[in-house]
Amino acid sequence: MRRMYTHADKVFHSCNLTFMSLVLILTLYPFWYVMIGSVSTMGHLIRGGFILLPDGLHFEAYQQVFRNALIPTAYRNTLFITIVGTAFSMFLTILGAYVLSLKKLPGRTFLTFFFVLTMLFSGGLIPLYLVVRSIGLLDNIWALIIPGAMSTYNMILLRNFFESIPEALFEAASIDGESIWGYLFRILLPLSGAGLATITLFYSVSYWNAYFESLIYIRNRDLWPMQTVLRQVLQTAQMNTMLYDDARQTVAAETLKDAMIVITVVPILMVYPFIQKYFVKGIMIGSLKG
Amino acid sequence: MMHSAAARRNRKRLLKQYWPAYLLVLPVVIWYLTFCYAPMGGIAIAFQDYKILKGIFRSKFIGLENFREMFRTPTFPRAIRNTLIISILNLSIGFPVPIIFAILLNEMTQLRYKKAVQTISYLPHFISWSVTGGLIYMLLSPSTGAIAGVVRAMGGQPVNYIGISKYFRSIVVVSAIWKNMGWSAIIYMSAITGVDEQLYEAAIIDGAGRFQRIWHVTLPGIRPVIAIQLILAVGNILNVNFSQIFILINDLTLDVGETIDYYVYRVGLGAAFDFGLATASGLIKSVIGFILIVIVNAISRKLTDGEGIW
């Protein structure tokens, strides 16, 4: 139905529209600002304020960043932990979620309790660090994958998704002689594309974004992912030690930081439009049942 | 007798059918034992004068000495205070913002624009804290930052905002809103969609204006969701986002920014390597956090007729 618009409505809608546009600008401008910064000259930024355009396209900062051996290695490390880590996490999460979703499994309540308790109570940072140390994972790239591989929250989300598939299917399959394993691989997984996609993306993003683990478990800089290098670059006032491994210092430190941020964030910005709908789907699966 | 015999037979039949499931879940159980339950055993360190060379079995037991040590210096009480202050700021300022945003978004009439705003609003949720920290550093940089440019244009002298205590908490609260507003709004948006359309029409017939409709129909309609979210937030009051603090803090802002988690990190792995003290302070936080979450779950069960948060 079409309502009549009163004067007050018009005022409200234009205020609301202005507000929403402001939200858009405030969300996107910081990204735009570092992009401008990465290709502008220092002087332009210093005079600038909330500038809208760069004063040219100077790519020296990017050349400088990629000339440093640390960056390509870090990029490779990030890709490795994102791909291998996500696969490893999905493997464990699917197994856990599937078994938890078997309604008649003897001991199911205990198993659920066993997993969920860890969301409520943990040994803390130091005991975990010592465990990782004692199994010899310090200074090993697998330390960036294995100790943080499981998210109980994601496992519960996926269990909820599995449970939304009618149980009658499982009964029918059992009668047809399908085993517990066979049901998972031949029937359940092919039906769970949307749920699996969501959880896969949740894990990939968190691996891509992780930086803290490598700071505590990894001393060897050659094993650092991008996010950690970025964090170190931001924290070091004197960038010379981090990025200038040669004397050809032609670009200002601030511009280099801009370039570093851009190369870290651009992959996420590029895939975001295609994957965002799965994230919302994920939060909805979760809210069906806590 | 008969009954229990039948139950036992049934259980035996189930075990026979389900035993491969235990095999499937075994790797997961091993992971949990190693990375969740073994560290819980490591809590013993909190009561030891822990020496890494001696390990957990041969380090000296010192009772509550670590806990006494914790309160002997002002840094741990300060960390508790900072945690509570930042959490309360996040609750009082950061909590209502997504609700207001969701309501206003719902009032939008241009559907395509509405969808675009919503999609972009939760983009920051998927950006890492290192990058978000980077964006903040660049915007606030005293030399090249946008803020500095404005300050200079107005004849002022820009300062290093990220290194000054009085700005720290504002930066934390605002950046948390920037990062989470859109994502948190999703759940309110879906709750608003569930409000009965007839209630709005009845309100219009009764002559209610837009704000009256929001106040008397929309808000009561999403009240249960707001209540649950609020309770969860209160239950998490000791959990200030560690990644966020870690990326934003520096030696100049420790006095207002060091939270319990950051204290544990700094005492344990950042500088002092005092594992006993760090584990003890982490333990205090875990225990209080656990009690809070149990209370909170009991309350939410009451409010929602048996539907707890787990």
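Which residues are buried in H7(A)? I will start there. What you see above is a predicted model. In H7(A), the buried residues are A:Asn154, A:Met155, A:Ile156, A:Leu157, A:Leu158, A:Arg159, A:Phe161 and A:Phe162.

The length of that helix can be checked. Helix H7 of chain A covers residues 152–163, which is 12 residues, and at 1.5 Å a residue it should span 16 Å.

Now the domains of chain A. There are two entries here: domain 1 is 1–58 and domain 2 is 61–290. Where they touch, domain 1 of chain A gives 7 residues to the contact and domain 2 of chain A gives 10 residues. On the domain 1 side, the elements that give two or more residues are helix H1 (7–39) and helix H2 (42–48) of chain A. H1(A) has the largest share of that side, with 5 residues. By type, the residues on the domain 1 side are 5 nonpolar and 2 polar, with no charged ones.

On to chain B. Its secondary structure comes to 15 helices and 2 strands. The radius of gyration of chain B is 26 Å, while the globule rule gives 19 Å for 310 residues, so chain B is more spread out than a compact globule. Along the principal axes, its C-alpha atoms fill a box of roughly 75 × 70 × 35 Å. Of the 310 residues in chain B, 34% count as buried. Lastly, take the contacts in chain B between residues at least 6 apart in sequence: 65% of them join residues at least 24 apart.

How values were computed
Residues are numbered from 1 along each chain as its sequence is written. Chains are lettered from A and ligands numbered from 1 in the order in which they are written. This is a predicted model: local features need pLDDT of at least 70, side-chain atom pairs count only at pLDDT 80 or more; totals for chains, interfaces and linings use all residues. Helices (H or I, at least four residues) and strands (E, at least two) are DSSP runs, numbered from the N terminus. The radius of gyration is taken over C-alpha atoms; the globule rule is 2.2 Å times the number of residues to the power 0.38. A residue is buried if 20 or more other C-beta atoms lie within 10 Å of its own, exposed if 12 or fewer, and partly exposed in between; C-beta atoms are placed from the backbone. Two residues are in contact if their C-beta atoms, placed from the backbone, lie within 7 Å. The expected span of a helix is 1.5 Å times one less than its number of residues. Domain bounds come from an automatic or database domain assignment. Ala, Val, Leu, Ile, Met, Phe, Trp, Tyr, Cys and Pro count as nonpolar, Asp, Glu, Lys and Arg as charged, and the others, Gly among them, as polar.
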